Amino acid sequence: MDDYLRWHQRVPAFTRDLTATDQLKWSAAFEVPALGTDVVIRLNAVGRARVVGYASCDGYLGVMCVPYHPPEWWVMQNGQPTMDNAALAFGAEIALIGRQQSR
């Protein structure tokens, strides 16, 4: 698998088997969120964000998200969140709005 960021127009084929080496891996028990879905980026408490695309990196499938109100440090590090400055978040780093996720 590639070790760089690759954008995808649609959700590509993936597996939930994190030991797989021949397919992209999705690291959450829930389905890959659709474009326009709101999620919570739990990693580093980035907060609520809208899914605007899909990308893969290091063999894992992730969602590209635009945070609504990111922490100040995020803006200082990354700039204002826009469609052109979306954050990559993997399944294990996000939660669906209104659903409890078990770990």
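Is Arg48 buried, exposed or partly exposed, and what is its relative accessible area? In this predicted model, Arg48 is partly exposed, with a relative accessible area of 42%, where buried stands for under 20%, exposed for over 50% and partly exposed for the range in between (1.4 Å probe, protein chains only). Residues are numbered from 1 along each chain as its sequence is written, and side-chain values use heavy atoms, with hydrogens and water left out. Because the model is predicted, local features need pLDDT of at least 70 and side-chain atom pairs count only at pLDDT 80 or more, whereas totals for chains, interfaces and linings use all residues.

A search of the whole structure finds 3 salt bridges, a salt bridge being a side-chain nitrogen of Lys or Arg within 4 Å of a carboxyl oxygen of Asp or Glu. The side chains of Asp38 and Arg48 meet in one of them, at 3.2 Å from N to O; this pair links distant parts of the chain, with Asp38 in strand β4 and Arg48 in strand β5, 10 residues apart, strands being DSSP runs (E, at least two residues) numbered from the N terminus. Asp38 also meets the side chain of Arg50 in a salt bridge of 3.3 Å, N to O. Arg50 lies in strand β5 and Asp38 in strand β4, so this pair ties together parts that are 12 residues apart in sequence. Asp38, Arg48 and Arg50 are thus linked in a network of salt bridges, in which Asp38 counts as buried at 16% relative accessibility and Arg50 as partly exposed at 34%.

Arg16 and Glu31 likewise meet through their side chains in a salt bridge, at 2.9 Å from N to O. Here Arg16 belongs to the loop between β2 (14–15) and β3, and Glu31 to the loop between β3 and β4, 15 residues apart.

The largest nonpolar core has 19 residues, and those with the most contacts inside it include Trp26, Ile41 and Cys65; such a core is a set of buried Ala, Val, Leu, Ile, Met, Phe, Trp, Tyr and Cys residues joined through side-chain atoms within 4.5 Å. Among the elements that give two or more residues to this core are β4 (38–41), β5 (47–57) and β6 (60–67).

His8, in strand β1 (residues 6–8), counts as buried at 17% relative accessibility. A polar contact of 2.8 Å joins the side chains of His8 and Ser56, the term denoting a pair of N or O atoms within 3.5 Å, of which, within protein, one must be able to donate a hydrogen and the other to accept it, while residues adjacent in sequence count only if both atoms are side-chain atoms.

Terms used. Helices (H or I, at least four residues) and strands (E, at least two) are DSSP runs, numbered from the N terminus.
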